Amino acid sequence: MMNNLFSIFDPSTNLFNFPFNWISTFIGLLFIPLSFWFLPNRHYLLWNFISNKLHNEFKTLLGPNSINGSTFIFISLFFFILFNNFLGLFPYIFTSTSHLNMSLSLSLTLWLSFMIYGWLNNTQHMFIHMIPQGTPTILMPFMVLIETISNIIRPGTLAVRLTANMIAGHLLLTLLSNTGINMPNYLLIILIIVQILLLILESAVAIIQSYVISILSTLYSSEVN
């Protein structure tokens, strides 16, 4: 039962031993109309409004000493995760963000780049960050150990948070759809309404998770400056 249930997340299209389902990761580019690149329209205005809002918020979190253009990394991360989360809600489209190898690749790459940059350019600041201000001397070794562990598990928590939230909603929708086969008509109508509400909830989760991942990545970046 569990193998059949989780098989909805398995890549099912293979050609020459290459899982072509992963190409769906880039289908989000098709949501950007060609007119977006040339003439201002409603899509451009919406995209520009969201981008400006995210830019202002990320700029505040990164601080005045941040590198110019650094916010665009996190804006791109937000839209990339958002498109992939939304695509997973459509039938027969592979959900790449429900796999740890996808989410962990994103989070681990960002975390490693932050750590390398911080330890090479702001070594003293990185050491100071391990011991909060006002920590008693006897607790300093324990605080260094705790801060080191919490820092190391950050990419894992980012990846598991995104993957778990995507898997949970998809599994619930799958379980409800499987139970509706032998239901009477009046219960089937209720089930359809519940699934529609769950789909709306999953749409909200898709937006919230992409926002949370981008915000946490921005906060981790601000700590190394």
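Okay, let's start with a crossing: helix α2 goes past α3 right-handed, where right-handed means the near helix is turned clockwise from the far one by less than a right angle, and left-handed means anticlockwise. By class, that contact between α2 and α3 has 10 nonpolar, three polar and one charged residues. For the classes, Ala, Val, Leu, Ile, Met, Phe, Trp, Tyr, Cys and Pro are nonpolar, Asp, Glu, Lys and Arg are charged, and the others, Gly among them, are polar.

Quick housekeeping. This is a predicted model, so local features need pLDDT of at least 70 and side-chain atom pairs count only at pLDDT 80 or more, while totals for chains, interfaces and linings use all residues. Numbering runs from 1 along each chain as its sequence is written, and side-chain values use heavy atoms, with hydrogens and water left out.

Now the overview. The protein has eight helices and two strands, and both kinds are DSSP runs numbered from the N terminus (helices H or I, at least four residues; strands E, at least two). Reading from the N terminus, the order is α-β-β-α-α-α-α-α-α-α. Of the 225 residues, 35% are buried, meaning under 20% relative accessible area with a 1.4 Å probe and protein chains only; exposed is over 50%, and partly exposed is in between. Among contacts with a separation of 6 or more, 74% join residues 24 or more positions apart; a contact is heavy atoms within 4.5 Å. The protein exposes about 14,200 Å², and carbon and sulfur atoms supply 72% of that, by the Shrake-Rupley method with a 1.4 Å probe.

Back to our first pair. The axes of α2 and α3 (residues 71-87) come within 9 Å and cross at roughly 130 degrees. Those axes are lines fitted to C-alpha atoms, for helices over the stretch in contact, with angles from 0 to 180 degrees between N-to-C directions. So α2 and α3 are oblique to each other; the scheme is under 35 degrees roughly parallel, over 145 roughly antiparallel, 65 to 115 roughly perpendicular, and the rest oblique. On the α2 side, the residues include Trp47, Leu54 and Phe58, and they meet a set in α3 that includes Phe74, Phe78 and Phe83.

Is serine 51 buried or exposed? Serine 51 counts as buried because its relative accessibility is 14%. It sits in α2, residues 42-62, and, leaving aside neighbours within four places in sequence, touches Ile75 and Phe79.

Next, over to α8, residues 185-222, which holds threonine 218. Threonine 218 has a relative accessible area of 0%, so it is buried. Not counting residues up to four places away, its partners are Phe58, Leu61, Leu62 and Phe74.

Phe74 turns up again with phenylalanine 114, which also touches Ser217, Tyr220, Ser221 and Val224, with residues up to four places away not counted. Phenylalanine 114 is in α4, residues 100-121, and is buried because its relative accessibility is 11%. From phenylalanine 114 to glutamate 223 is 109 residues in sequence, but 8.8 Å in space, C-alpha to C-alpha.

Last one: α4 against α7 (residues 154-179). Their axes come within 8 Å and cross at roughly 145 degrees. The contact includes Leu104, Leu108 and Trp111 of α4, with Pro155, Leu158 and Leu162 among those from α7. By class, that's nine nonpolar, four polar and one charged residues. And α4 passes α7 right-handed.
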